[in-house]
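The entries are in the order in which I checked things.

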Amino acid sequence: MLGDAMTSETLVQVTCEEVPRGDVPSWLTEHIARQALGPTGSETDCSGRILVVYPTEESRKQALAGIPSSQAVDRTLHHTIDSLKSSLVADLRLPRVLGTESGFELVLHEACRREAARLAFPMINPLPEMRWGRGKTAALAELHSFLSKESVAAVWDGPGITSFRTVIRQLEKRLGGTHPDMVASRIIDGLNSEDKPFSLLDVDGIIMLDHPPGMPRSHVGIMLAVSRHCPIHQLAHPGNFRLGHHG
């Protein structure tokens, strides 16, 4: 999956291995358990400090539940891509991620309404006195969220998105935070321009378990950017996702 996005010019460290569908490979389970025990002084046990990226929070919890309670688990080495994003936001010292609950929705709508009166959305709201309903704000927000997940919001030339992104950036500045739609692109920019993130300094490599084929492009971009600092080995299941078997 990650390999599909690579080019010869991309400075990434990604390898891929096909594994049978089912449980986590036994060698990885053994390594996780051995890693939880900590250094033992034996060279055979010092096979590297590995961070594991799971496809879902449920699979992460299931894997951790399989480790005996007597062993202390370093949970910073067990992530989903979403939790890894949160860790990288802190590492890169990005402003806090803004909540988008009802309070923010009202602020966003009012900002869009004011901009619409200034003809910032001429294709959607061509007259200054034309009413800007909350449905228009919600539709733009939903579209921008989807485009951001697919890493195309910045180049999309459809009506309203450029002005909507301007509104979001203005709100980010006023509220001192990072809008959720902007998190992935800011992380990628930071990883491409900064030194190795603090949380990855002592990580020798990353094992990425099989993820669904519909993984957002923004997540692929984040993992490729991470691989510039830390090699990633992806375990993929065989099969054709169009026939119900993904890998």
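**Entry 1. What I am looking at**

I note at the start that this is a predicted model. The values below are therefore computed from predicted coordinates.

I began with strand S2, which spans residues 50–54. I looked up how much of S2 is covered, and five of its five residues are buried. I then checked which way the side chains go. Ile50, Val52 and Tyr54 point one way from S2, while Leu51 and Val53 point the other way. Residues on both sides of S2 are buried.

Next I asked which strands pair with S2. Strand S4, residues 205–208, pairs with S2 in the parallel sense, and I find four bridges there. As a landmark for this pairing I took Leu51, which stands opposite Ile206 in S4. Strand S3, residues 78–80, also pairs with S2 in the parallel sense, over three bridges. Here the landmark is Tyr54, which stands opposite Thr80 in S3.

I moved on to strand S5, residues 232–236. Five of the five residues of S5 are buried, so this strand is largely enclosed by the rest of the structure. Ile232, Gln234 and Ala236 point one way from S5, and His233 and Leu235 point the other way. I note that Gln234 and His233 are buried along with the rest of the strand.

S5 runs parallel to S4, and three bridges join them. Met208 has Gln234 in S5 as its bridge partner. S5 also pairs with strand S1, residues 14–18, in the parallel sense over five bridges. In that pairing I picked out Glu18, whose bridge partner in S5 is Ala236.

To follow the order of strands, I put the pairings together: S3 pairs with S2, S2 with S4, S4 with S5, and S5 with S1.

**Entry 2. Helix H3, buried residues**

Which residues of H3 are buried? I list Ile81, Leu84, Lys85, Ser87, Leu88, Val89 and Asp91.

**Entry 3. H3 against H7**

H3 covers residues 81–91 and H7 covers residues 180–193. Their axes come within 10 Å and cross at roughly 55°. That angle makes H3 oblique to H7. The crossing is left-handed. From H3, the residues in this contact are Lys85, Leu88 and Val89, and they meet Val183, Ile187 and Leu191 of H7. Sorted by class, the contact has five nonpolar residues, one charged residue and no polar ones.

**Entry 4. H3 against H8**

I repeated the check for H8, which spans residues 217–227. The axes of H3 and H8 come within 11 Å and cross at roughly 55°. H3 is therefore oblique to H8. This crossing is left-handed too. Ile81, Asp82, Leu84, Lys85 and Leu88 of H3 meet His219, Ile222, Met223 and Val226 of H8. By class I count six nonpolar, one polar and two charged residues in this contact.

**Entry 5. Ser227**

I then looked at Ser227, which is found in H8. Is Ser227 buried or exposed? Its relative accessible area is 0%, so Ser227 is buried. Leaving aside neighbours within four places in sequence, I find Ser227 in contact with Val12, Gln13, Val14 and Ile232.

**Entry 6. Positive phi values**

Last, I went through the backbone angles. Most residues other than glycine have a negative phi. Arg93 is not a glycine, yet its phi is positive, about 55°.

I located Ser151 in the loop between helix H5 (134–149) and helix H6 (161–175). At 44% relative accessibility, Ser151 counts as partly exposed.

Note on methods:
Residues numbered from 1 in each chain as written. Predicted model: local features only at pLDDT ≥ 70, side-chain atom pairs only at ≥ 80, totals over all residues. Heavy atoms only, no water. Axes fitted to C-alpha atoms, helices over the stretch in contact; angles between N-to-C directions. Helix = DSSP H or I, 4+ residues; strand = E, 2+ residues; numbered from the N terminus. Parallel < 35°, antiparallel > 145°, perpendicular 65-115°, else oblique. Left-handed = near helix turned anticlockwise from the far one by under 90°. Contact = heavy atoms within 4.5 Å. Nonpolar A, V, L, I, M, F, W, Y, C, P; charged D, E, K, R; others polar. Buried < 20%, exposed > 50% of the residue type's maximum accessible area, 1.4 Å probe, protein only. Pairing = 2+ DSSP bridges.
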